[in-house]
Amino acid sequence: HGQRQGYQGVLSVGRVQTPVLGLVVQRDLQIENFVSRDFYQVKAHLTGADWPFSAIWQPSEACVPYQDEEGRVLNRELAELVQRKTSHQPAIVEQVQQQPKKQYAPLPFSLSALQIEAAKIYGMTAQQVLDTCQQLYERHQLITYPRSDCRHLPEQQFGQSAAVCRAIVANSPELAEMQQQASMNLRSKAWDDSKITAHHAIIPTDKALKSASLNSSEAKLYWLIARQFLWQFFPPYCYLEQQALIKIAGGLFKAQARLKEDQDEDAEEQQSLPPLTKGQQLQSGQSELLSKQTQPPAYFTDATLLAAMTGISRFVTDPELKRILKETAGLGTEATRAGILELLFKRGYLQRQGKQIRASQL
């Protein structure tokens, strides 16, 4: 059929390459056919507590005809009406929720997780990551087996952690300060025999680099793998998640905050809520109309396409197929994903535009 159309190259199909190509084509078409729409939010500025804070309008059932399928208000007049009605009005706290939350360190890398991270941070392709890891494993013996789909470690290896950390500092001196802050007696969730498959997660070995030095790609990947291992010896990040619902002139507004226990620079954009109690009286100032635009989905990159391949169930609507795909490892395997992507580029089905991956005319 291709030859009849005058095409001379190889037109290949396959149970992994064709669905991956389908993902990219579908995404390109979604972007091409996307029509941006304006939507509106109302932000209330509240005083009367220990310090001022803001809250966002939550449209009621009556607003459904003026919303899109994601609940965004498309009607400017409606938002302007709410803005006018809720400016300079008494406000009352309807509900307060406060929960301490913990965020644990991300687990050590599987090959896919490492490929995704290296694509995000360094713009490396899946194949470059695999090839570089093979060098670190075979030639330099600085990391464990790289073609692994597991993110956990055998419990008996916990005892070798100090030796691994000494090697990390020798091979990547810029991690020395981080290693000094690590608590070597902390045992993260990574050490778990019940989660080990044929191979364990990719971690540094206890070997120091011999005479040959690492090239730039090798040094970058070693640093990522070593940093991820060191994170296993840090306590969880603790913060308070706070949320309050506030009634103003019959409208419901939601205020929320994520608070680190020791606030730092990024606290500017993360507002902190003052202590609030149910029934507390507050005052609203001039409400603000926020005019925004819906955004198209983003073109795939190496990182997001690999993530799509490993979490393919997100792209399937049939509930039975979704359930089955959730239990499997995704499209392709750790060892084959990089090769599949390379093949699609080689065949001329996919092409790069900067970091973006797009389907070709072919």
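**Helix 7, burial.** I looked up which residues of helix 7 are buried in this predicted model. They are E218, L221, Y222, L224, I225, A226, R227, Q228, F229 and L230. I took buried as under 20% relative accessible area, exposed as over 50% and partly exposed as in between, with a 1.4 Å probe and protein chains only. Helices are DSSP runs of H or I with at least four residues, strands are runs of E with at least two, and both are numbered from the N terminus.

**Ground rules.** I number residues from 1 along each chain as its sequence is written, and side-chain values use heavy atoms, with hydrogens and water left out. Because the model is predicted, local features need pLDDT of at least 70 and side-chain atom pairs count only at pLDDT 80 or more, while totals for chains, interfaces and linings use all residues.

**Helix 7, geometry and partners.** I checked the span next. Helix 7 has 15 residues and reaches 21 Å from its first C-alpha to its last. That is close to the 21 Å expected at 1.5 Å a residue, the expected span being 1.5 Å times one less than the number of residues. N215 caps the N-terminal end, with a side-chain oxygen 3.1 Å from the backbone nitrogen of S217. The buried residues of helix 7 pack against helix 3, helix 4, helix 5 and helix 6 (176–181). I then listed the contacts of F229 (heavy atoms within 4.5 Å). Leaving aside neighbours within four places in sequence, F229 touches L153, S161, V164, C165, I168, W191, I203 and P204.

**Nonpolar cores.** I defined a core as a set of buried Ala, Val, Leu, Ile, Met, Phe, Trp, Tyr and Cys residues joined through side-chain atoms within 4.5 Å. The largest one has 58 residues. V20, L114, I168, L221, Y222, F229 and L305 have the most contacts inside it. Helices that each supply at least two residues include helix 1 (17–32), helix 5 (161–171) and helix 10 (337–346). Helix 7 gives the most, with seven residues. A second, separate core of 24 residues includes V42, A255, A257 and L282.

**Salt bridges.** My rule was a side-chain nitrogen of Lys or Arg within 4 Å of a carboxyl oxygen of Asp or Glu. The count is ten. I looked at some of them in detail.

- R76 and E80 pair at 2.9 Å, N to O. They sit four residues apart in helix 2 (residues 76–86), so about one helical turn separates them. R76 is partly exposed at 35% relative accessible area, and E80 is partly exposed at 24%.
- E320 and R323 pair with their closest N and O atoms 2.9 Å apart. They are three residues apart in helix 9 (residues 319–327), again about one helical turn.
- D302 and R352 pair at 2.5 Å, N to O. D302 lies in helix 8 (residues 302–310) and R352 in strand 8 (residues 350–353), so the pair ties together parts 50 residues apart in sequence. D302 is buried at 8%, whereas R352 is partly exposed at 35%.
- D68, E70 and R72 are linked in a network of salt bridges.

**Cysteines.** How many disulfides does a search of the whole structure find? It finds zero, taking a pair of cysteine sulfur atoms within 2.5 Å as the test. I checked C133. Its closest cysteine sulfur, in C150, is 15 Å away, too far for a bond. C133 is buried at 0% relative accessible area, whereas C238 is partly exposed at 25%.

Note on methods. A polar contact is a pair of N or O atoms within 3.5 Å; within protein, one must be able to donate a hydrogen and the other to accept it, and residues adjacent in sequence count only if both atoms are side-chain atoms.
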